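This report describes selected strands and helices of one structure. The sequence and model are shown first.

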Amino acid sequence: MTPTPAQGLRADRVGREAGGRLILDGVTICPPPGSTVGLLGPNGSGKSTLLRVLAGLLVPDTGVVTLDGDPLADLGRRTVARRLAVVDQHAVTQADLSVLEVVRLGRIPHRRAWSTPDRTDEDAVAEALRRTGLTDRAGQSWHTLSGGERQRAQVARALAQQPRELLLDEPTNHLDIQHQLDLLALVAGLPVTSVVALHDLNLAAMFCDRIIVMKAGRVIAGGAPAEVITGDLIEDVYGVRAIVTPDGPDGRPSVRFLPRG
């Protein structure tokens, strides 16, 4: 069945202030169901705040976020958590948990209080560990992992949640090039709607179906990578000059930055 416009995750004219400053200014986005959407923009443009508003972790001062047409604020946290998973940029824990225990946290929304994991839970956890290449690290302490391994463990926890919408804030931070490519290929191949905040324009062009560009709390461009990622836009948003050519995979844009001066 073709999804109706009300299906999925949507932000409609969302605004948010902090410290007397407007962080989000009338933002409207509606990621197509099943797509991978790259959220681009310089530091301070509002990307992380928008992701937290979409996740229901922050309440917008104006506008509304809906899930299948229902305001997120009207849905219980458990209901939202069964649908929507978040991978933060800086995940920390003081508890001495193993990788397996961290990933098992993703199953909490699907279990009754105080119940033990069943076969469905364990299968979801095992699949999440396999997809992120962490099966052999399952028994290892979280605190002994590298920054990149911790990030992959958080992605595995989100995958174990089996969401329909996945929000990721700079998931390639701390990852080497191989794991950046592997992780984004994994996200792009999932049968979920993903919104991914990224700094690397070439990675966004390579793996995202659509691009949303933010500047000073507003969405200033949106569309397919080839439509959005242009030299003029890069100079306007980032203040740097670049040459953009269609020689990426499948004719997607490839960005080469020019020296300043």
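How many bridges join E3 to E9, and do they run parallel or antiparallel? 4 bridges join E3 to E9, and the two run parallel.

## Basis

The model is predicted: local features need pLDDT of at least 70, side-chain atom pairs count only at pLDDT 80 or more, and totals for chains, interfaces and linings use all residues. Residues are numbered from 1 along each chain as its sequence is written, and side-chain values use heavy atoms, with hydrogens and water left out.

## Strand E3

Strands (E, at least two residues) and helices (H or I, at least four) are DSSP runs numbered from the N terminus. Two strands pair if DSSP finds at least two bridges between them. E3 is also joined to strand E8 (residues 193-197) by 4 bridges, in parallel. Leu39 stands opposite Ala197 in E8, and Gly38 opposite Ile211 in E9.

Of the 5 residues of E3 (residues 36-40), 5 are buried (under 20% relative accessible area, with exposed over 50% and partly exposed in between; 1.4 Å probe, protein chains only). The strand is therefore largely enclosed by the rest of the structure. Thr36, Gly38 and Leu40 point one way, Val37 and Leu39 the other.

## The open sheet

A separate heading covers the antiparallel sheet of 4 strands, ordered E2-E1-E4-E5. Strands E2 (21-29) and E5 (70-71) each have a single partner strand, so one side of each lacks a neighbour in the sheet. E4 (residues 62-67) pairs with E5 over 2 bridges, and Thr66 has Pro71 as its bridge partner in E5.

## Helix H9

Leu233, Ile234 and Val237 are buried in H9 (residues 231-238). Just after H9, Gly239 takes a positive phi of about 75 degrees.
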